[in-house]
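Could you show me around this structure? I have it open in my viewer and would like to know what to select next.

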Amino acid sequence: QVQLVESGGGLVQTGGSLRLSCAASGRAFSTMAWFRQVPGKERNFVAAFSWNSGTYYVDSVKGRFTISRDNAKNTVYLRMNSLKPEDTAVYYCAAAQQGIPIPTMMGQYDYWGQGTQVTVSS
């Protein structure tokens, strides 16, 4: 059975940093990614790491967020620096078999984590 377990969310001040982790069990995936969602709005793509295609980021986090993977641990990380209040959201880990091209739509992902809250205070 596949499970994605996230950790690392919390409360941080503007300009601060957090690192999210997502450990996958049950199988390996070509692509692992992070999405985020605020109440009342759709879940949006943030970043992805594909063994086939590399990394990809939404424009609003480029230069501030870094996605990485540890193959031995089957874990994906999201290092978030220079956090802004608009980064406040529930962050979800996702996994997909598709590797080329990097999937950026919710429907392209096969498995999801439970979500972890990130709150950035001004």
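Here is a short tour of a predicted model, going from its core to its charged side chains.

**Stop 1: the core.** Begin by selecting Met32, Trp34, Leu78, Met80 and Tyr91, the residues with the most contacts inside the largest nonpolar core, which has 27 residues. Now colour strands E3 (18-25), E4, E5, E7 (65-70), E8 (75-80), E9 (89-96) and E11 (116-121): each gives this core at least two residues. Apart from it you will find another core, of 8 residues, including Ala33, Phe35, Phe45 and Ala48.

**Stop 2: Met80.** Return to Met80 and show its surroundings; among the residues it touches are Leu18, Leu20, Phe65, Tyr91 and Val118. Arg64 is also one of its contacts, and that residue leads us onward.

**Stop 3: a charged network.** Select Arg36, Arg64 and Asp87, which are linked in a network of salt bridges. Arg64 meets Asp87 at 2.7 Å, N to O, while Arg36 meets Asp87 at 2.9 Å. Arg36 sits in strand E4 and Asp87 in the loop between E8 and E9, so this pair ties together parts 51 residues apart in sequence. Are Arg36 and Asp87 buried or exposed? Both are buried, and Arg64 is buried too.

**Stop 4: another salt bridge.** Move to Lys62 and Asp59, whose side chains meet at 3.0 Å, N to O. Here Lys62 is partly exposed, at 47% relative accessible area, and Asp59 is exposed, at 60%.

**Stop 5: Arg43.** Finish in the loop between E4 (31-37) and E5 (44-50), where Arg43 is found. Arg43 is buried but has no salt bridge; Glu6, the nearest side chain of opposite charge, is 7.4 Å away. Its side chain does make a polar contact with that of Gln37, at 3.1 Å.

How values were computed
Residues are numbered from 1 along each chain as its sequence is written. This is a predicted model: local features need pLDDT of at least 70, side-chain atom pairs count only at pLDDT 80 or more; totals for chains, interfaces and linings use all residues. Side-chain values use heavy atoms; hydrogens and water are left out. Helices (H or I, at least four residues) and strands (E, at least two) are DSSP runs, numbered from the N terminus. Buried means under 20% relative accessible area, exposed over 50%, partly exposed in between (1.4 Å probe, protein chains only). Lys and Arg count as positive and Asp and Glu as negative; His and the chain ends are not counted. A salt bridge is a side-chain nitrogen of Lys or Arg within 4 Å of a carboxyl oxygen of Asp or Glu. A polar contact is a pair of N or O atoms within 3.5 Å; within protein, one must be able to donate a hydrogen and the other to accept it, and residues adjacent in sequence count only if both atoms are side-chain atoms. A nonpolar core is a set of buried Ala, Val, Leu, Ile, Met, Phe, Trp, Tyr and Cys residues joined through side-chain atoms within 4.5 Å. Contact means heavy atoms within 4.5 Å. Lists of a residue's contacts leave out its neighbours within four places in sequence.
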